[in-house]
Amino acid sequence: MDTLSPTSEVDRLVRLVDSQNPFDMPFSEVLPRQLAAVNERLKDRIGKIKLLQNRAQAGGIGEIGRMADVVPLLFAHTAYKSYPEAWLVEKKWDRLGRWLDTVSTNRVQPLEPERIKSLDDWLEQLQAQGHFVNCSSGTTGKCAMMNASAADLHMAGHTLVQAHAWATGIAPQRDRRALMLAPVATTPRNVATQKLMVERFNAPDVEPFFYPALPMTIGSITEMVVLRKRIAEGTAKPAEIACYEQKAAQRERAMDEAVGAVADALIGSRDRKLYIMGLFGPMYKVAELVRARGYAGRDFSAENTGFIGGGLKREKLPANYREYTLETFNLAPHHLFHGYGMQELNTNAVRCKAGRYHMAPWVMLLLLDESGEHLIEPASGAHPAGGEHEGRAAFFDLSLEGRWGGLISGDKIRATWETCACGHRSPSIHENILRYADTAGGDKIACAGTIDAYVRGVA
Amino acid sequence: MNQAIQLKSAPDPAAHAPFFVRGALVEGHEVRHRSRDLGVDFTTPMIDLDAIITPRTEPGPLFEVELSEIVDFLVETGRRMTLERNAHLQACARRIAATNVLPRVVIEQNIRMAADYLKKERLMELVEQNFGNPKLLDEWIERVDSTGRRSFTRAFPPRLIHVLPGNSPVVSVQSIAMGAMVKAVNLFKMGSSDPFMAVAILRTMLDVDASHPVPRSMSAVYWRGGDQQVERAIYRPQYFDKIVAWGGGDAINNVIKYLGPGLQLVSFDPKTSISMIGVEAFASDESLGEVARAAAHDVGILNQEACVASRILFLEGDRTQVDRFCQRLQQELAALDATSGKAPPLPRDMTEEVESLRAMDEDFGVWGVGDGSGLVVRSDQPVDFHPINKTANVVPVKSLGDALKYINVATQTVGVYPPARQAELRNGLASGGAQRIVRLGDAGGTSVGAPHDAMYPMHRFVHWIVHEDGHVRG
C-alpha cells in the first residue's frame, strides 16, 4: 500500500493489519473510527463509482453520521452481475467495459476491440490498465465481475497470512513445504493469494506444489455460462452441446487423476512440516487414498498447518469428513486457520479459540433484518445491547480500493458486540452461518415463469 | 428488548388451514408450516395418508353421476359463493392476505371471479369445447369405423392429483370444476401461499348438500412440496392416474421423479407473456395514450403475479418514440395503483440490477422506482432478470418480426397492437412456441373453452377407454 496517508482514518485502521492483536478492539472504540473512515471513503468514491452516486442520491445520503446511514449505500452481490449476459455471448467488450466502469473506483478506459478475441483477452487488457477483475466461479448462474486494484490483491493475501499467525500461533517463517491443493479458478485474486502464501510459508530449499489439473480460466468458466444461456435461447446446436459435455467429462477425469498426484505429493513430503491450502471436498478423497496406501496421521508432522475451506458443493461426504481429513494429515484443529469471508471482500473474519469469527477493525459489521433494509442496532445509548442477535450479514471493508467496500451478503448470522469467551473484544459471529437462500422454503408454485424452468443444465 | 426478535414477529395465532378429506372437513393444529412468499406461519392437521386415497377397487363417487347433475351442483355452489354472504370465503380472503403477496383488494376480486366461473352456460361450453360431444362423459358412445368394426368410447373418470399454484386463487375453482366435470377422484395439493381457497370452496359445497357425491370426490390438503414422506407414499399408479401440476423448476422436478407408465404428468408450465406493439402506436398522441394504457393493463394483471401478465414489450419505433412510450407506460402503471394497489417493492437483487442499468444511461433507460408502483426499463435486448411487481421491459425492434427470435415454449400470451397485425404474426409466434395471441390490453380475457397452454386440459385429464365390439354383421 503505497498510498497511505497519516491523516486518513481509513489508512490508520487498515494499517492495523500489521499490528500484533488487531482483533481485540472493542466496538465502542472502533465504531467512531469506522464511521469516520466510511465517511472518508464515501467523500472520495461518490464522484468515482457511478452506482454509488445514484445510491447516495436516491437515499439522500451525503454524510455518514451513524451506522444506519451506511445501509442504503450497501451493494448486493448482484451489483457485480448486473451486466446483460448477452454482451458476453455477443462479445461486446466496449459495452462490458462501460458497465464495469459504473461499479469501479478507477476509470475503465476504452480498449482496442480488434485485439480482443475472448473474455480472457479482455481481462488481460484490463489488467494492463490496473484493473484486476475477479469472477465468481458459479457454473450455472451469471458470473459476478468484481474489479480490484493491485493493492486489493495484495491485501486479500496479506490479511490471510497475518490472521493465520493470530489464529494458529504459527507465523510464516519459510520453514515448510507449501502445497496449494484447491482446484480453484485462476482468478487474479486466487493466483495472487496463492503466490503470497508460497512466498511466506515455503522453505527456500523445496519446490512448492500446485494442484495439477488443467487451469480453469475465467474464460473457460464463462464459456459454460454462455452455453447455458444459448441453450435456453434455442440458439445452441446439439453437436455443440455434446462437444461441451465431452469437455466437461474430461475435466472431471483430470480432477480424479489429480487425486493421485496430490496424494503422492503429500506422502512424498511427509517428513517436512507442511502448509496445506485446500478444500474439504477434494481433500477428503485425497485423505482416503493416502490412508489406502497405508499412511496416517502418525506419518505426518504434528506442526502441520493450513487453511482448508468449504468446497462441499455437489459432494456427498460422511458426517466425520472434517476429523477424518484433518487426522490423516496430522493437522491439529488449533493449527488450522478458519476464515469467514467472501469473494466480494478483501478481508476474512477469523475464527478464535472459542469458535467465533472475529471482525478486523477495518471491516465494519452491520447486522440487518432479513430484508436487508433495516439495521439491527448494536447499541442503544452508551450501552451495547447484550447477547447475540440474528440477522443478515453486511460489511464495509475499508481496505477495498478497486470497488466500493459496502456489501450485503446472503448469509444469516448470529453476532455479538460483547467480549468473546476467548477474551478478545472485537465484534464476533457465531460459527453456524446459514444462507438465506437455503433456509427459504422450496415449494413455491406459480404459473408465471421463464424458459429457465425447462432447461436441463450442461454437464 | 431484543429488537432482532421484535422485527420478525408472526401474527398470533397463526392462520389455521383446515383440510378437506373425501367430503368432510378436518380441523387440527398439529403441524405448523411457513408460507413460501411471506414467511408467515400457518397450522394444519396431520395428513392421514390412507384417508386421502380411494382404492381402485372402489369406484369414485362421481363415476356414475350424470354430467348435468354435477353441473347443477357446481352452479348452486357458485350461487353461494357471493363473498358478502359466505363466511368461509370471507375468512379465506383474510387468511390469504396474510400468506400471499397479492393485496387484499385483488384477492377479493379473484374470489368474485371464482364465483363467476361457476355459471351453467360457461361450464357446458367448456365441456363442449374440450370434448366436442359432452355425452362422452356420461355414456359409451358408439362408432363404426371404415372397415365396419364397431366400438364404444367413453371419456372415463380419472384419479387425479392437482398440484395447485399459490399465485391465483381463481385456479382453485377452475381445478375443482374441471375435476368434478370429468367425474374424477380428486386430491388437491394446496400451495403454501394459499392453503385456504380450495377448502373454502369445498366447505361451501357442504352447505349446498353435505352428502352430494361432488364433495365426496374431493380432498384438499397441504404438505410441503417435495416432502418425500408424503409424495413417495402416494404418487403411485396404484392410487392415481395423473398428476396435474402447475409450475416448473423444483416444483416439477419433485413430481417428475414419480412419473412412469401408469402415472402421467399434465403440466401447466411456467409461462412468460409479452406484448408486441407496432409503430402504428405513434399515429397520434391519443393513440399513444391508448396503447400505453392497454399495455399497462396487461403488465399489471394480478400485480404481475399471473402468467398472462406481460413482462417484455417489443416496440417498433425510433429512440425518441420509444422513450416517449416508456414514460407514458410508467405513468399508466402508476395509475393502476388506485384500483389494484401497489405491488410489493422489487426484491433487493432485482433493484440492484435495475439501478446498475440506470447508471448506464447510454445503453438503458429506466422510468420510475422499484417500490412496486410501476417501473419501466428500456434495453436493446430482454433483460436478464424476470420482471415482476409491475416492471415492464421495453425492447425496441426495427420490425415486430425481429422479436420472433425471443419467442420460446415458455411464451404464453402475446398481446399485439394494432389488432390487424395479429394475423401477420400468429404463425411465426406459434412456430416459436407461443400459445395464445390476443389484442393488446386483452391478455386477462378468456374465450370460454379455448385451449390453455397448447392443450384442451379436460381432454387430457380423462381416461380414453374403448370397448371394441368386433365387426358389425350385415
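A residue counts as buried if 20 or more other C-beta atoms lie within 10 Å of its own, as exposed if 12 or fewer do, and as partly exposed in between. Keep in mind that this is a predicted model.

With that cut-off in hand, look at Lys91(A): 17 other C-beta atoms lie within 10 Å, so Lys91(A) is partly exposed. You'll find Lys91(A) in the loop between helix H5 (85–89) and helix H6 (93–102) of chain A. Its backbone is worth a glance, too: Lys91(A) isn't a glycine, yet its phi is positive, at about 55°.

Asn330(A) is another residue to check. Here phi is positive again, about 55°, and Asn330(A) is not a glycine either. This one sits in the loop between helix H13 (321–328) and strand E8 (336–337) of chain A. Because 18 other C-beta atoms lie within 10 Å, Asn330(A) also ends up partly exposed.

Now hop over to chain B. The peptide bond leading from Tyr417(B) into Pro418(B) is cis, with omega near -5°. Pro418(B) belongs to the loop between strand E18 (411–417) and helix H14 (422–432) of chain B. Why flag these spots? Because most residues other than glycine have a negative phi, and most peptide bonds are trans.

Finally, step back to chain A as a whole. There are 14 helices and 18 strands in chain A, and its C-alpha atoms fill a box of roughly 60 × 55 × 50 Å along the principal axes. A compact globule of 459 residues would have a radius of gyration near 23 Å, so the 23 Å of chain A agrees. Of those 459 residues, 45% count as buried. As for contacts between residues at least 6 apart in sequence, 74% of those in chain A join residues at least 24 apart.

Definitions and conventions. Residues are numbered from 1 along each chain as its sequence is written. Chains are lettered from A and ligands numbered from 1 in the order in which they are written. This is a predicted model: local features need pLDDT of at least 70, side-chain atom pairs count only at pLDDT 80 or more; totals for chains, interfaces and linings use all residues. Helices (H or I, at least four residues) and strands (E, at least two) are DSSP runs, numbered from the N terminus. The radius of gyration is taken over C-alpha atoms; the globule rule is 2.2 Å times the number of residues to the power 0.38. Two residues are in contact if their C-beta atoms, placed from the backbone, lie within 7 Å.
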